[in-house]
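Subject: Structure handover

Hi,

Here is the structure for your files. My notes follow below it.

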Amino acid sequence: MMTETQFGIEGDKPVTGDFDGDEKSDLAIFRPSTGTWWYLASSDGSQRAVQFGIVSDIPVAADYDGDGRTDFAVYRPSEGVWYIFNSSNGSNTIIKFGLDGDKPVAADYDGDGRADIAVYRPSEGIWYLLQSSAGFAAIRLGISTDIPTPNAFIP
């Protein structure tokens with residue numbers, strides 16, 4: 001039996017993650033027009049909203065602090081800055097990493113259970129990684145027309 005759930009409006013960006021920490025993915029969207037994240041908690045079915053971001057931001061939700069819950073995070077391409085709302089303690093992390101034109105490709109590249117900040121630079125065909133335990137790395141893999149897919153390779 002298939003269940004259909006309508007969630008979001010035109011212009012919303014679908015995101016994936018376990019925002020409530022129950023080890024199940026939640027239905028979630030980022031609404032750029034208001035900088036608001038909406039998710040339907042799989043643990044209790046409640047709808048929740050969090051204001052975090054602006055209209056030009058790219059959503060990059062992932063578990064950056066390693067607590068088992070997806071953190072609300074955005075990459076602001078015009079600044080090359082990552083803004084992360086840490087679910088473990090409610091603090092914000094702001095990191096300059098990237099240039100305008102880079103594609104954010106956050107994933108756990110060093111296997112420590114925390115998502116790493118990373119960008120793919122199409123103009124160079126290089127993946128730049130800021131790994132949470134292994135530090136900086138740059139890997140040439142791709143050309144300008146490629147669509148980067150995090151978790152598709154092991155550096």
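First, a term: a nonpolar core is a set of buried Ala, Val, Leu, Ile, Met, Phe, Trp, Tyr and Cys residues joined through side-chain atoms within 4.5 Å. Buried means under 20% relative accessible area, exposed over 50%, and partly exposed in between, with a 1.4 Å probe and protein chains only.

This is a predicted model, so local features need pLDDT of at least 70 and side-chain atom pairs count only at pLDDT 80 or more, while totals for chains, interfaces and linings use all residues. Residues are numbered from 1 along each chain as its sequence is written, and side-chain values use heavy atoms, with hydrogens and water left out.

Cores. The largest nonpolar core has 13 residues. Val60, Tyr64, Trp82, Phe97, Ile117 and Val119 touch the most other members. S6, strand S7 (81-85), S10 and strand S11 (126-131) each give two or more residues to this core. A second, separate core has twelve residues, including Trp37, Ala41, Val74 and Val81.

Overall fold. The protein chain has zero helices and twelve strands. Both are DSSP runs, numbered from the N terminus: helices are H or I with at least four residues, strands are E with at least two. Buried residues make up 43% of the 155 residues. The radius of gyration, taken over C-alpha atoms, is compared with a globule rule of 2.2 Å times the number of residues to the power 0.38. A compact globule of 155 residues would come near 15 Å; the protein chain has 16 Å, which agrees. The C-alpha trace spans about 45 × 35 × 30 Å along its principal axes.

Sheet. Four strands form an open sheet in the order S9-S10-S11-S12, with antiparallel pairing. Strands pair if DSSP finds at least two bridges between them. Strand S9 (103-104) and strand S12 (135-140) are the edges, each pairing on one side only. Two bridges join S9 to strand S10 (residues 117-121). Pro104 stands opposite Val119 in S10, and Val119 is also among the core residues listed above.

Asp71. This residue sits in the loop between strand S5 (58-59) and strand S6 (72-76). Asp71 is buried yet has no salt bridge. A salt bridge needs a side-chain nitrogen of Lys or Arg within 4 Å of a carboxyl oxygen of Asp or Glu. The nearest side chain of opposite charge, Arg69, is 6.6 Å away. For charge, Lys and Arg count as positive, Asp and Glu as negative; His and the chain ends are not counted. Leaving out residues up to four places away in sequence, Asp71 touches (heavy atoms within 4.5 Å) several residues, among them Tyr64, Asp65, Phe85 and Asn86.

Best wishes
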